[in-house]
Amino acid sequence: MKLTRLFGASCLLFPGLVASLAIPKTSAVIDATKASINALNTYYDNTTGRWNPKVNWWYSGIALQAILDYMQTTGSEEYLAQAQHTIDIQRAPLDWYPQGGGDFRADSTDDTAWWALALLRMYELTGNSTYLDIAKEDEAYIFKYWLPETCKGGVIWNIPELKYKNAISNELYLELAASLHNLIPGDTFYLNRSMTQWAWFNSSGMINSQWLINDGLLEPDPSDSSVCRNNNAEVWTYNQGVVLGGLVELHKATGDQKYLDTAIKIADAVVNSATLSPGGILTETCSETDSCTTNGWSFKGIFMNRLAKLNKALSGNPYSDYIRTNEQTMYSNARNGSDFYGGIWQKPFDGADLGKQVSAVSLLIATLGLS
Ligand SMILES: *[C@@H]1O[C@H](CO)[C@@H](O)[C@H](O)[C@H]1NC(C)=O
Ligand SMILES: *[C@@H]1O[C@H](CO)[C@@H](O)[C@H](O)[C@H]1NC(C)=O
Ligand SMILES: *[C@@H]1O[C@H](CO)[C@@H](O)[C@H](O)[C@H]1NC(C)=O
Ligand SMILES: *[C@@H]1O[C@H](CO)[C@@H](O)[C@H](O)[C@H]1NC(C)=O
Ligand SMILES: *[C@@H]1O[C@H](CO)[C@@H](O)[C@H](O)[C@H]1NC(C)=O
């Protein structure tokens, strides 16, 4: 496809796009980011259109998000054909969940949402409304599982068993609905959905007294199904991240400062936490107990991606030093000679993994986007 033409078209449709393409300051960071993406793409299997087809499908959704974010940050068009190829294959009905019926409808609401958010980025990059339309379908699919019968609302995570109102599904749904609003001129429908979702999330009890977000809610109280309490389960870094993205989108939609104030409280709780940021370096708790899987390794990049989004939205960019320090620490400690990265950014390379690599790429892109 002729990418210059697509860019020309998208610039006309989206005058804001040109201004958002930051000119990177240091070619060293560009080189490091490119090298990390080349290493990431050694996992890519062109036949299946997935990064490491042996591991969970959603990792390919966040790997896609990473290469799209790279292009948005730098203005490069290098991976657009790969992105389209990935989307065209993955939108077929899933062989392991044919009930979804295609277009990324999966057996868990979060899996659908990762892809839908990547499609919105693809829409921003190309102006091709097919991607917007698929993201709308996905929002409608996820909303079918917003069930008010228990916990007064919220999205169910596990679709086949209609079980578990958790943080990640509900944060992603917030970010998706609010992003849809911001991409559709004159929209009120997705604004209503995103505000309803935030009102629910804010009073759900998932944000704890330290302004950190636990994994999800307990099963409803048998005597009163509207009552669901915080399950006090793991504080994963990605659950502190995606919510920031949703709040930034809501602020953009409404101009209401309260959304940014809440995002700052959550972000500060992470960067000042002795467990999540010991010595100022983002750390997944599972790595302290040597129990991370590709899941756990992928979370830090998701946090950094959304922290960068919040940082950009705030005057004075208060998280730039945190992001830069993390990148420099990761680059000098956790990289091997072929630009694969380990999972513990303050320690030497501890073996490669798709989740570790996507996290590293996301942190490098976050750094690249700093003004
Ligand atoms: C990947 O597959 C597509 C479609 O089958 C093909 O056009 C493309 O050249 C392939 N890319 C690589 C790098 O092999
Ligand atoms: C828009 O994207 C879809 C899905 O990838 C593709 O089939 C179609 O050819 C694209 N349209 C244009 C005008 O590029
Ligand atoms: C969303 O729309 C419904 C139905 O019109 C309305 O009752 C509700 O108050 C709206 N919610 C918000 C947050 O605007
Ligand atoms: C969240 O809920 C609290 C308690 O009701 C309220 O004071 C606060 O304004 C809400 N925050 C946002 C950002 O809506
Ligand atoms: C870095 O790690 C990758 C993945 O395990 C490996 O293929 C590569 O050989 C390593 N590079 C060096 C220089 O050790």
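Two helices, α5 (80-90) and α7 (129-143), each contribute at least two residues to the shell around ligand 2. Helices here are DSSP runs of H or I with at least four residues, numbered from the N terminus. The model is a predicted one, in which local features need pLDDT of at least 70 and side-chain atom pairs count only at pLDDT 80 or more, whereas totals for chains, interfaces and linings use all residues. Residues are numbered from 1 along each chain as its sequence is written, chains are lettered from A and ligands numbered from 1 in the order in which they are written, and side-chain values use heavy atoms, with hydrogens and water left out.

The shell around ligand 2 consists of Q84, D88, N128, T130 and Y131; a residue belongs to such a shell if one of its heavy atoms lies within 4 Å of the molecule. By class, this shell holds one nonpolar, three polar and one charged residues. In this scheme Ala, Val, Leu, Ile, Met, Phe, Trp, Tyr, Cys and Pro count as nonpolar, Asp, Glu, Lys and Arg as charged, and the others, Gly among them, as polar. Polar contacts, meaning pairs of N or O atoms within 3.5 Å, are made to ligand 2 by several side chains. A polar side-chain atom of N128 lies 2.3 Å from an oxygen atom of ligand 2, and one of Y131 lies 2.7 Å from an oxygen atom of ligand 2. For Q84, the distance from an N or O atom of the side chain to an oxygen atom of the ligand is 3.5 Å. Ligand 2 taken alone exposes 360 Å², and the protein buries 56% of that; these areas come from the Shrake-Rupley method with a 1.4 Å probe.

Around ligand 5 stand N336, G337, S338, F340, F349 and A352. Their classes are three nonpolar, three polar and no charged. A polar side-chain atom of N336 is 2.3 Å from an oxygen atom of ligand 5, while one of S338 is 2.6 Å from a nitrogen atom of the ligand. The protein covers 43% of the 360 Å² of accessible area that ligand 5 has on its own.

On a 1 Å grid over the protein atoms alone, a cavity is a set of points where a 1.4 Å probe fits but cannot get out, and a pocket is an open set with protein on both sides within 12 Å along at least five of seven lines; lining residues have an atom within 4 Å of a point. A volume is the space filled by probe spheres set on the points, which are joined across faces, edges and corners.

The second largest pocket has a volume of about 350 Å³. Its lining has 21 residues, of which W58, D110, W157, Y238 and N295 lie nearest its centre. Helices α4 (57-74), α6 (109-126) and α13 (294-313) each supply at least two of the lining residues, and α13 gives the most, with three. The lining comprises eleven nonpolar, seven polar and three charged residues.

There is one cavity of 30 Å³ or more, and the largest cavity has a volume of about 100 Å³. Of its 13 lining residues, I62, Q65, I302, N305 and R306 are closest to the centre. The elements giving two or more residues to this lining are α4, α6, α13 and α15, with α4 giving the most, five residues.

Methods. A polar contact is a pair of N or O atoms within 3.5 Å; within protein, one must be able to donate a hydrogen and the other to accept it, and residues adjacent in sequence count only if both atoms are side-chain atoms.
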